[in-house]
Amino acid sequence: MAKRGILRYRGYDIQDLAENCEFIEVAYLLIHDKLPTRTERRNYARLLNLNSMLHEDMQAFFRNYPEHAHPMAVASAMAVSLSSFYPEMNDPEQEKTISATRLISKIRTIAAYSYKKSIGEPFVYPSHKLTYCENLLNMMFSSPVADYEFSPVLVKAMNQLLILHADHEQNASTSVVRMVGSTGADLYASVSAGISALSGSLHGGANQEVMQMLETIHKSGGDVDKMVQRAKDPQHGFRLFGFGHRVYKSYDPRAKIAKQVCMSVLEKLGIHDPLLDIAMKLEERALNDEYFIERKLYPNVDFYTGITYRAMGFPTNMFTVLFAIGRLPGWISQWYEMQSDPHKKIGRPRQAYCGPTRLTYVPIDKRTAS
Ligand code: CMC
C-alpha cells in the first residue's frame, strides 16, 4: 500500500476520513475498531470532556518550567506524570477505555498550558460546551479578557490535520511506545516515551524544521536553489525537511491532503502567506531535480502542515505537539493491540557487537591516554 501512496485506517481511506470525520471519530475508530454511531460519538465526546481537566496540583509543574522550555519536553514529562495522579488500571480493558480517554483528552490541556506558561498568560480551563478541537483552540488562544472567535474553517482544518497524523504503522515513535509497553510499563510511561521519540527532527520534529527552513529562505530573498543545493551536498549533512520518507517512495498521501487543506484555509481566510509560495516553489524545484527523482524523495506530511498551523496562530515550537496530539490514538491502539496478545513478549532487539572480545584488565595507573 505504502509503495502505491495509499493510507487507510482500519480499511477506510485517509482522504474519506479527513473530508468527512471529526478527529474524535477517527480516535474512536482506531481504539474501538469501528466508526462510532451518532450516539457513540456523543457519548465519547462527553467522556472526553469529563476527562479534560488536569489535576489542579499539576499546574505547579508548568509554573516551574523555564519560559523557553520546549513544549515537547513538557508534554513528555506531563504525560508520564499523569500516572502519579491517575492510578494504573492493571487491566488492559480499563486502560483502553479510562487511561486512553484521559490521555487523549488531557494532552490538549497539557499542550495549551505549556503555551500559556511560555507567554506568561493565565491557564484557560477546558469547557464542556466545546468540541475536541474547539477546546484545543480555545485553551490556546482565549484569555480571561478576550474570547476566542471560532472560525469553522479553522476548526475543520484542525480536525483534518489531526486525522492525517492519527496512525502510521511502525514509525519510530510507535515502535518506541510498543517497546516500552512490552516491558509491562503503563500507558502513560509508554506514551511519554513516544512523545520523546517523536520530537526528533527526522520524525515529528520535522514540521518545526520545515517552517524554520521556509523562514530562512524568505529572509534571504526567496531563492530556493541554495537550500536545494545544500540538501544535495553530502558534505553538509543537511536535509530538505518535509521531504523523503522511509516507506513512501511516491507522493505521501497525507502531504497531498495537507497541501489542499493549507491552500483552502488560506484562500477562505483571505491570507496571503509568502511562505506558501516558497514551499510550492521549493517543492517544484526539488521534484524536478535528478537527485530527488533518483532517490524518490517527495514531500511528506510535515511539508505543508506548518503553514496552516501558522494561519491558526500556533507558534512554531508547538507544531510537533500538534503531531503528538494527532498520533495519540494510533499509539494507544497499537499499545493495546500488543497488550492483548496472549503471546506477547518483552521487546529485545539483538545487537551485533563489533569491538574486541577479550582484553586483559589494566589497572588505572597503567592506562594510557587515547
Ligand atoms: N533531503 C536530502 N536528501 C535526502 C533527504 C532529504 N530530506 N531524505 C533522504 N535523502 C537522501 C539521503 O541523503 C540518502 O542519499 P544517498 O543515497 O546519496 O546517501 C538517500 O536519500 C536515502 O536516505 P535515507 O536516510 O536512507 O532514507 P530513510 O528512508 O532512512 O530516511 C527520512 C527517511 C524521513 C528520515 C529522510 O527522508 C529525512 O531525513 N527526511 C527529512 C526529515 C523529515 O522530513 N522527516 C519527516 C518524515 S515524515 C513524518 C514522520 O513520520 O515522522
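Helices (H or I, at least four residues) are DSSP runs, numbered from the N terminus. The model is predicted, so local features need pLDDT of at least 70 and side-chain atom pairs count only at pLDDT 80 or more, while totals for chains, interfaces and linings use all residues. Residues are numbered from 1 along each chain as its sequence is written, and side-chain values use heavy atoms, without hydrogens and water.

Start with helix H8, residues 152-164. Its 13 residues should span 18 Å at 1.5 Å a residue, because the expected span is 1.5 Å times one less than the number of residues. The end C-alpha atoms are 18 Å apart, which agrees. Ten of the 13 residues of H8 are buried (under 20% relative accessible area, 1.4 Å probe, protein chains only), among them Leu154, Val155 and Ala157.

On a 1 Å grid over the protein atoms alone, a cavity is a set of points where a 1.4 Å probe fits but cannot get out, and lining residues have an atom within 4 Å of a point. The whole structure has one cavity of 30 Å³ or more, and the largest cavity holds about 50 Å³; a volume is the space filled by probe spheres set on the points, which are joined across faces, edges and corners. Helix H6 (residues 92-119) gives the most to the lining of the largest cavity, with three residues. Residues lining the largest cavity include Phe62, Tyr65, Ser114, Lys117 and Ser118.

Terms used:
Helices (H or I, at least four residues) and strands (E, at least two) are DSSP runs, numbered from the N terminus. Buried means under 20% relative accessible area, exposed over 50%, partly exposed in between (1.4 Å probe, protein chains only). On a 1 Å grid over the protein atoms alone, a cavity is a set of points where a 1.4 Å probe fits but cannot get out, and a pocket is an open set with protein on both sides within 12 Å along at least five of seven lines; lining residues have an atom within 4 Å of a point.
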